[in-house]
Amino acid sequence: MYFDNSATTLHKPDALKEKFIELLNTNDLGNPSRSGHIKSQNSMMGIFQTKKDLAKLFHIANPNDIALTENASFGLNFVIKSLVKENGHVITTTTEHNSVLRPLYQSGAELSFIDFDEKCNVDFDKIPELIRENTKFIITNQASNLLGNVNDLDKIHAYAKKYKLIMIIDIAQTAGCLDLDISKYPNSIFVFTGHKSLYGPSGTGGIIKNGDFDFSNVFSGGSGVNSFDKNHPLDFPAVFEVGTSNFISQIAMDASIKFILDEGIDKIHQHLKEITKRFYDGIKDIEGIKIYSKKPEGEYSPIVSINLKDMESSELALILDEKYDIQTRPGAHCAPLIHEHFATEAQGIVRFSFSYFNTDEEIDNAIEVLREIAKEY
Ligand SMILES: Cc1ncc(COP(=O)(O)O)c(C=O)c1O
């Protein structure tokens, strides 16, 4: 039973596998945005179709407001390194992943962190008291990779608008889990990854912008246009699409996006909420189990983070894996400030994270297994 879907989803739609095989067998795909011949154009059109379906999923009018990158880390590095300057001030949170924190640290900008409370909620009403003269950005995730929370983007955006901040949202853990209407958020940038809840191949992700931004080059190289210019083009998406992309995977990813569109994001969302609550309710009274993540009420993401008494998280995950064939993620989760908050730097945390393909039966089995392990320990 695979419950490490927040790291990457293992079970992909059949349509993705079929599309991959079809693409690998075809001799029709040249280097996109180079050469101009029919095989090059085929790849360009394939990539554009993926962007068109992503635009539909995220409710944006123009597919060219999407730049495809290798994953969310690349996207976040591009956006943060391109826009955030040393003399600026950024409001962010202690729930961020290292792919937000590290580029922010590297930027040298002044940073203010909003912490989360005992219900795993981040209080964005603290934004007004953190505003400085040089505050330029609010950068946060829509859901953390450990807490099971879902941040209220309407509220964050209302503050961003009031204080003229650019809103940058890391949707690595939520893209494909819930309906997200990016058209509602002018002056914002969203960064997604393809291999998690979008059920796409690894090596895919991207940046979606709503508005015009003064992007600068982070990487420079082949662009297929303006070859005599000493600088890489600054227009979007070319500014972040440097060199030959992972185009087979990007084209294949369209099958996953279409799967989500066909299945219906609300149906996916509902199933994820149901199985997460089922798991949470099933384990919450097991003696010795400590749950760190949010109680599944209102909005929440498909993550339940736990420990068993003082057992090292890696030991629990090893027992689950070796004895019961249950895969979870132990240890430190690339979200160091969350571990500091919970004082779990040494013990780590065992994360159960669910996908649309997980069933009630699997959830019930995992609950029974945890009950058994807890009894023995
Ligand atoms: C909240 C969050 N942001 C960013 C990332 C980085 O995603 P990727 O590994 O696709 O670069 C992750 C990955 O786990 C994540 O959980």
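In the predicted model, an oxygen atom of the ligand lies 2.7 Å from an N or O atom in the side chain of Gln 173, a polar contact in the sense of a pair of N or O atoms within 3.5 Å. The side chain of His 195 likewise places an N or O atom 2.8 Å from an oxygen atom of the ligand, and for the side chain of Asn 71 the corresponding distance is 3.4 Å. Of the 390 Å² of accessible area that the ligand has on its own, the protein covers 88% (Shrake-Rupley method, 1.4 Å probe). The residues around the ligand, taken as those with a heavy atom within 4 Å of it, are Asn 71, Ala 72, Ser 73, His 97, Ser 99, Asn 145, Asp 170, Ala 172, Gln 173, Thr 193, His 195 and Lys 196. By class, this shell consists of 2 nonpolar, 8 polar and 2 charged residues, where Ala, Val, Leu, Ile, Met, Phe, Trp, Tyr, Cys and Pro count as nonpolar, Asp, Glu, Lys and Arg as charged, and the others, Gly among them, as polar.

As the model is predicted, local features were required to have pLDDT of at least 70 and side-chain atom pairs pLDDT 80 or more, whereas totals for chains, interfaces and linings use all residues. Residues are numbered from 1 along each chain as its sequence is written, and side-chain values use heavy atoms, with hydrogens and water left out.

An open sheet of 7 strands has the order β1-β7-β6-β5-β4-β2-β3, with mixed pairing; strands are DSSP runs (E, at least two residues), as are helices (H or I, at least four), numbered from the N terminus, and two strands pair if DSSP finds at least two bridges between them. Its edge strands, β1 (66–69) and β3 (110–114), each pair on one side only, and neighbouring strands are turned by 20° against each other on average, direction ignored. Strand β5 (residues 166–170) runs parallel to β6 (residues 188–193), to which 4 bridges join it, and Asp 170 has Val 191 in β6 as its bridge partner. Asp 170 is also one of the residues around the ligand. Helix α2 (residues 38–57) lies across β1 and β6, running at about 120° to β1; axes are lines fitted to C-alpha atoms, for helices over the stretch in contact, with angles from 0 to 180 degrees between N-to-C directions, and contact means heavy atoms within 4.5 Å. In the loop between α2 and β1, His 59 has a positive phi of about 60° although it is not a glycine.

A further open sheet is formed by 3 strands in the order β8-β9-β10, with antiparallel pairing. Because β8 (289–291) and β10 (350–353) stand at the edges with a single partner strand each, one side of each is left without a neighbour in the sheet. The twist averages 35° from one strand to the next. Strand β9 (residues 303–308) is joined to β10 by 4 bridges, and Ile 303 stands opposite Ser 353 in β10. Helix α8 (residues 265–283) packs on this sheet, touching β8, β9 and β10, and its direction makes about 20° with that of β9.

The peptide bond from Phe 236 to Pro 237 is cis, with omega near 5°, and Pro 237 lies in the loop between β7 (205–210) and α7 (247–263).

Conventions
A polar contact is a pair of N or O atoms within 3.5 Å; within protein, one must be able to donate a hydrogen and the other to accept it, and residues adjacent in sequence count only if both atoms are side-chain atoms.
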